[in-house]
Amino acid sequence: VQLQASGGGLVQAGGSLRLSCAASASFFSINAMGWYRQAPGKQRELVAVIASGGSTNYADSVKGRFTISRDNAKDTVYLQMNSLKPEDTAVYYCCADVTSYSRYSSVYWGQGTLVTVSS
């Protein structure tokens, strides 16, 4: 399974970006999908996660500003980021909990996309 993330870039504080992450390859199902981020010198942290049924969870730092969604028909997860702040600057990684046809579940990671928010 490969996860291809896109949508990062440079934006001014207060601006918006939309990240996308599409899963490819053949599998039985995708369970939870999510976004993590890692800022320079910091540990990777959870940003948002969405279950297969659509329930969501967010880090406190992004609640009310970021929205995670998914298109199950396209095996794609999105992260709409509004009111961006300089402290949102990080490499954003998507991940997916995938169940194979042999019913084994594994977590896969995308390659990361850089989001830079200027003040």
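Predicted model: local features only at pLDDT ≥ 70, side-chain atom pairs only at ≥ 80, totals over all residues.
1. **The open sheet.** Four strands make up an open sheet, and their order is β1-β3-β8-β7. The pairing is antiparallel. At the edges are β1 and β7, each of which pairs on one side only. Neighbouring strands in this sheet are turned against each other by 15° on average, direction ignored.

2. **The β1 and β3 pair.** These two strands run antiparallel and share five bridges. Within β3, Cys 21 is the residue that stands opposite Ala 5.

3. **The disulfide.** How many disulfides does a search of the whole structure find? It finds one. Cys 21 is joined to Cys 94, with an S to S distance of 2.0 Å. The link connects distant parts of the chain: Cys 21 sits in strand β3 and Cys 94 in strand β9, 73 residues apart. The link is right-handed, with 50° about the S-S bond. Both partners, Cys 21 and Cys 94, are buried.

4. **The neighbouring cysteine.** A disulfide needs the two sulfur atoms within 2.5 Å. Cys 95 has a relative accessible area of 10%, so it counts as buried.

5. **The nonpolar core.** The largest nonpolar core holds 30 residues. Among those with the most contacts inside it are Trp 35, Phe 66, Met 81 and Tyr 92. Val 47, Val 77 and Leu 79 belong to that group too. Several strands, including β1 (2-6), β3 (17-24), β4 (29-38) and β5 (45-50), each supply at least two core residues. So do β7 (66-71), β8 (76-81), β9 (90-99) and β11 (113-118). The largest share, five residues, comes from β9.

6. **Asp 88.** This residue is placed in the loop between β8 and β9. Is Asp 88 buried or exposed? It is buried, because its relative accessible area is 1%, and the cut-off for buried is under 20%. A polar atom of the Asp 88 side chain lies 2.8 Å from the backbone nitrogen of Lys 85. Leaving aside residues up to four places away in sequence, Asp 88 touches Arg 37, Arg 65, Phe 66, Ser 83, Val 115 and Val 117. One of these, Phe 66, is also among the core residues with the most contacts.

How values were computed:
Residues numbered from 1 in each chain as written. Heavy atoms only, no water. Core = buried A, V, L, I, M, F, W, Y, C linked by side-chain atoms within 4.5 Å. Buried < 20%, exposed > 50% of the residue type's maximum accessible area, 1.4 Å probe, protein only. Polar contact = N/O pair within 3.5 Å; in protein donor to acceptor, adjacent residues only side chain to side chain. Contact = heavy atoms within 4.5 Å. Pairing = 2+ DSSP bridges. Axes fitted to C-alpha atoms, helices over the stretch in contact; angles between N-to-C directions.
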